[in-house]
Amino acid sequence: MRRCTECAVRIEGNWSRCPLCGSHLVGHPSPDPLPSVPLRFSRRRLLRILTVISLVLVALSFVVQLWLGHRPSEFGAVRSVWLGVCTMWLVALMALRGRRDLARSTLTLLVLAALVCTYWDYLTGWHRWSLTFAVPIMCGCAIIALVILEHVMRLEVGEHALYSALTVLLGIVPILFLLLGWVTTPVPSAICVVLALLSLALLQLERAADVRDELAKKLHV
Amino acid sequence: MTRRTWVRLDNASNIFLAARTESDTKVFRLSAEMDAEVDPGMLQEALDAVFARYPLYRAVLRRGVFWYYLQDSDLRPVVEPERRPTCAAIYQDGRRTLLFRVIHHRRRISLEVFHALSDGTGAMWFLSDLLVEYARRRYPAGATDESGRPGEQGDPSASLAADDAASPDTPDAAAEGAAPPSHALETDSFAHYFRRRRPTAFQEAFAEAAAPAALTLAEKAVRAEASADGDTAGASRTPSDADPDRPSRRARIHRVRGTRTPDGRTRAVELTMPASQLLAASKASGASPTMYLTALFMDAVRESSGGLGGARTMSASVPVNLRQFFPSTSARNFFATIRVEHAFSPDGAEAPEEVARALEAEFRPQASAAALAPKVARFIRVERSPLLRIVPRPLKDLILGWLNAASNRKLSLAVSNLGRLRLPEPAASHVRRVLFQVSAARPQFCAISHGDQMTVTFTSPFTQTGHVRAFARSLSARGIDVSVTAARVTEAELEEVAP
Ligand SMILES: [Zn+2]
């Protein structure tokens, strides 16, 4: 074992200089009991900063749209493309973040996409294509996807059941669009609501206890 | 599919989630250095055997609206070679991973634990059992003791008894010989009870093992109160229930600054010394080993900082294992911290021995059941306060984070002494020394001893080792035989060994 005469201590490992004072050591090196771990710089922190910056930029650019005029004549191709790019970016970020939990990320994506579509529709003169087509179709697809996922992948109950339940509940919302006459044709909303009610019945049969259990856990005071 | 057992995370553990940062991961490490290279296959077998007996260690951390909670899982731990810096992060938001890891390098077996799961004492039980299982497999000749069943390796109080329970400050883990109740489970309980639809005995064991120590204690206290009308309530209003932070003295607390390590890892330097030599030196000074080491530490910081400058008061936080005062078998966090401080005179003429005596006089009255009872009572009161319950979890994290930062500003150092680890055979004769270290927000040391080997591991977020040098030199100047192990952290240090 090596020795630092300045500090009067033995030094384990293959240090050529004393790790405490930097003086030269005497004696023979011993095997290092600790590994030398190479430096690793955290890419995660950089990624987190970039994510936050891009989210802020997207939110700002969405707000700016409100001041740029709402009529279809004022809503040019550039703005459409810009909104499209922003939306894709948001969707990609959310999908990346939630890739470990399918039901939860499905729900987030659904809410996000529904809000953006409605806003887009509003900006371009409120033709109600969002509420008539986009939102019910997306809800319906999400419900079908979750039902399939659940039966194919045999996911563990728990959080998954909770988020599926929330998605299904969201699928019933288009009934409001129908009742309040916000749609130009009732077919998509009607289909979506029927799908949601059917899967709610299925869920009630299979998973009600799990959902209650999970809710109790999440909301435990 | 089973419905998972879960237990809400208590406040003592919550603080570790709120206070965790990229460089201070709130992970601690207990290592044992064996007398020969570690065999990973046998270590894995040993881990499997021990894991089945510790339901708490199956837990993953999940987030609810109001609380974090620990939930039972099917995950199995896998031993891995040491590839990360010491005390690397274990829990990452939202990821369901086990809250501990077992790693090995050359002769060392290390157990790293996220502090929200367990405290040093709880982890000592686990490591001790792991070492016994490993030694049984590695040295089969020694595995012929009477009670051959691994689930019941003798009397835990004999295996982990504290050496000098006389000194109240060494929070010797197992002073009370308390072991997790899961010890009593049959070895095959994992296979036997697991994956049943009804709440199984295993799930019940998990819930029991994962219950916060303070609360299980509180329930006991309530029961005792009912039978012995208000004895505990009386105890919690002793005159010593003064504000522990003593805001009376408005001295400026010295805070150690330095250069952060390049990738935020913890800088760890281990000093190994004969326990007998250190005990003799501390006895001669008239202070307990912990306070003696703390005094040397404060003096070392004073010296390496070039005389402290304007802020001449140094304070240290010292965790005290509550199990020695309030018997509890929980492996969860169950400690209180005591704060001691010392104002150095401008001429710097005090010997560390004098400082040690002064610290001892400050520490000893605080480290008693009567003085700590109000603290425990306060923990429990806060835990159960209806106002706190309805605060959403992210907000709780924020508040706890602020509180923690505020108390950090009043601390220069932290020290922790786990006392003596008494390993049962066949582990004891094959373990050369044990080590203990914690990720650090400030210079800190953790001490533990085994046989006659005492290790004091300094950790710090900074690259500077001036205080360790001063500490090591003052030990060697007192005739104590010190050997130093350091991990390389700076670019220059790592370049030396780069292939
Ligand atoms: Zn030296």
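Which protein donors hold the zinc ion? The close-ups below start there. This is a predicted model, where local features need pLDDT of at least 70, side-chain atom pairs count only at pLDDT 80 or more, and totals for chains, interfaces and linings use all residues. Residues are numbered from 1 along each chain as its sequence is written, chains are lettered from A and ligands numbered from 1 in the order in which they are written, and side-chain values use heavy atoms, with hydrogens and water left out.

**View 1. The zinc site in chain A.** The protein donors are the SG atoms of A:Cys4, A:Cys7, A:Cys18 and A:Cys21, sitting 2.3 Å from the zinc ion. (Donors are N, O and S atoms within 2.8 Å of the metal, or 3.2 Å for Na, K and Ca; water is not among the atoms, so sites may look incomplete.) Along the chain, the donors are spaced C-x2-C-x10-C-x2-C. A:Cys4 belongs to strand 1 (residues 2-4) of chain A and A:Cys21 to the loop between strand 2 (9-11) and helix 1 (43-65) of chain A, so this pair ties together parts 17 residues apart in sequence. (Helices, H or I with at least four residues, and strands, E with at least two, are DSSP runs numbered from the N terminus.)

View 2. The arrangement is tetrahedral because the four donor atoms subtend angles of 105 to 119 degrees around the zinc ion. (For four donors, tetrahedral requires all angles to lie between 85 and 135 degrees.) A:Cys4 is buried, at 0% relative accessible area, while A:Cys21 is partly exposed at 25%. (Buried means under 20% relative accessible area, exposed over 50%, partly exposed in between, using a 1.4 Å probe and protein chains only.)

**View 3. Strand 15 of chain B and its partners.** From strand 15 (residues 483-486), B:Ser483 and B:Thr485 point one way and B:Val484 and B:Ala486 the other, and all are buried. Strand 2 of chain A runs parallel to this strand, joined by two bridges, with A:Ile11 opposite B:Val484. Four bridges link strand 15 to strand 8 (residues 267-274) of chain B in antiparallel fashion; here B:Glu270 has B:Thr485 as its bridge partner. (Strands pair if DSSP finds at least two bridges between them.)

**View 4. An open sheet in chain B.** Five strands line up as 5-6-7-2-12, with mixed pairing. Strand 5 (80-81) and strand 12 (431-438) are at the edges, each with a single partner strand, so one side of each has no neighbour in the sheet.

Note on methods:
Tetrahedral: all angles 85-135°; square planar, octahedral: opposite > 155°, others 65-115°.
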